[in-house]
Amino acid sequence: MYLGRTTLSKFLIEQLHELDDNGQLAGLLVDVAAAVKSIAAMTAKGALGGFHGVIDNTNVQGEIQKKLDVLSNDALIDACEWGGMLAGMVSEEMEEPIQIPAEFKRGRYLLNFDPLDGSSNIDVNVSVGTIFSVLVHDKDTPPTVEDFLQEGRRQVAAGYAIYGPATMLVITVGKGTHAFTLDREIGNFILTHENLRIPPDTSEFAINTSNERFWEPPISRYVEECKAGKTGVRGRDFNMRWIASMVADVHRILMRGGVFMYPRDTKDPAKVGRLRLLYEANPIGFIVEQAGGAASYGRGAILDHAADSAHQRIAVILGSKNEVERIERYHAEHDSGADRPYASPLFKDRSLYRSEV
Ligand code: F6P
């Protein structure tokens, strides 16, 4: 029944056969997939697994850790630290980079991950996910934090798993974006969606509108225009969706188009956005660009933005290319004052946020 179908390992061997790394990257991605399978098994057990609820700890983000956050973090470390492919890891759940224990060989890759994205959804049985990004470490010494602070453009692989009605793994190694579905009976990821393409136009947007009063004007302008639908400047009706799991919202966009926004806002002056650059925005940005979409922080491509700390946050606007470009244009028009031509020339090109992320 499965004859002729492409498994993840076969696909990776084919995609990476020209890479001169002794199969290390393919091996690493297969190890990540092994962790994903154990996280899928835990999430699928739901309340029966005893994994629901919180533990008495907050993570480096100041967020209360769920049991499954910690177990998923352990699953990834356990699956990936021993194989000789990695030089180190950064996890959302751990303040400092994770070093490879001395008993294992150190390899040439760095792995950044969010073990369980959207974890507020765990206890309510709504889709959650795992996000990961792979970089090269071209030194013989163990990595320091600075070694992880590379631009997203330098990622050699990235992906996410979505634990939904089906578990899927979506991967890019810079040759398109491809999705695999976990066949639980045979325990393999099977290629089911080759070369995903995000339609350039869309009539669907995703944003947490409860933050509206904290948004910058370009985002308010865009969302107001969408909401005005046929009666406004867009001349057509828009639909809105918000799952509060980035992977689930992004997955929908990969499948049928749309635009996802977690923009810069003033809700908490200490945070320039909600999502983390190294293990959320960069990998998802890579996946989206490889599927023909765009990923921006409003004033430039996410993948061109160097990180200044392991857990740095950034504004995220991504998905259907023409919509993302429109939102970028609204930012530019706001920063130059072109969106308010009758304003005083003194304030025209002044914006509180102009040159920042
Ligand atoms: O921490 C990341 C995350 O859980 C994303 O997966 C999701 O898009 C977002 O936060 C949800 O934020 P909010 O709680 O503001 O809806």
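**Figure 1. Overall dimensions of the predicted protein chain.** Residues are numbered from 1 along each chain as its sequence is written, and side-chain values use heavy atoms, with hydrogens and water left out. Along the principal axes, the C-alpha atoms fill a box of roughly 65 × 45 × 45 Å. The protein chain contains eight helices and 17 strands, these being DSSP runs numbered from the N terminus (helices: H or I, at least four residues; strands: E, at least two). Of the 357 residues, 55% count as buried, where buried means under 20% relative accessible area, exposed over 50%, and partly exposed in between (1.4 Å probe, protein chains only). Among contacts with a separation of 6 or more, 64% involve residues 24 or more positions apart, a contact being defined by heavy atoms within 4.5 Å.

Figure 2. The strands follow the order 4-3-5-6-7-8-9-10, and their pairing is mixed; two strands pair if DSSP finds at least two bridges between them. Strand 4 (98-99) and strand 10 (188-193) stand at the edges with a single partner strand each, so one side of each has no neighbour in the sheet. Strand 8 (residues 167-172) is joined to strand 9 (residues 177-183) by five bridges in the antiparallel sense. Within this view, leucine 169 stands opposite phenylalanine 180 of strand 9.

**Figure 3. Nonpolar cores.** A nonpolar core is a set of buried Ala, Val, Leu, Ile, Met, Phe, Trp, Tyr and Cys residues joined through side-chain atoms within 4.5 Å. The largest core has 45 residues, of which Leu111, Phe132, Val134 and Leu169 touch the most other members. Helix 2 (residues 24-45) contributes the largest share of this core, 11 residues. A second, separate core comprises 41 residues, including Ile131, Val170, Val247 and Ala248. Neighbours within four places in sequence aside, the contacts of leucine 111 are Val32, Cys80, Leu86, Gly88, Met89, Val90, Phe132, Ser133, Val134 and Phe148.

**Figure 4. Helix 6 and the glycine that follows.** Helix 6 (residues 246-256) is largely enclosed by the rest of the structure, because nine of its 11 residues are buried. The buried residues are Met246, Val247, Ala248, Asp249, Val250, His251, Arg252, Ile253 and Leu254. Glycine 257 follows helix 6 and has a positive phi, near 90°.

**Figure 5. Glutamate 323 and its arginine partners.** The structure holds 23 salt bridges, each defined by a side-chain nitrogen of Lys or Arg within 4 Å of a carboxyl oxygen of Asp or Glu. Glutamate 323 forms one with arginine 234, where the closest N and O atoms are 2.7 Å apart. This pair links distant parts of the chain, 89 residues apart: glutamate 323 belongs to helix 8 (residues 321-336), and arginine 234 to the loop between helix 5 (217-228) and strand 12 (239-240). Glutamate 323 is buried, with a relative accessible area of 2%, and arginine 234 also counts as buried, at 11%. Glutamate 323 forms a further salt bridge with arginine 236, at 3.8 Å between the closest N and O atoms. Arginine 236 lies in the loop between helix 5 and strand 12, so its pairing with glutamate 323 of helix 8 ties together parts 87 residues apart in sequence. Arginine 236 is partly exposed, with a relative accessible area of 27%.

**Figure 6. Further charged side chains.** Arginine 340 and aspartate 339 meet through their side chains in a salt bridge (2.4 Å, N to O). Arginine 340 counts as partly exposed at 23% relative accessibility, and aspartate 339 is partly exposed at 27%. A network of salt bridges links Arg221, Glu225, Arg326, Arg329 and Glu333.

Notes
This is a predicted model: local features need pLDDT of at least 70, side-chain atom pairs count only at pLDDT 80 or more; totals for chains, interfaces and linings use all residues.
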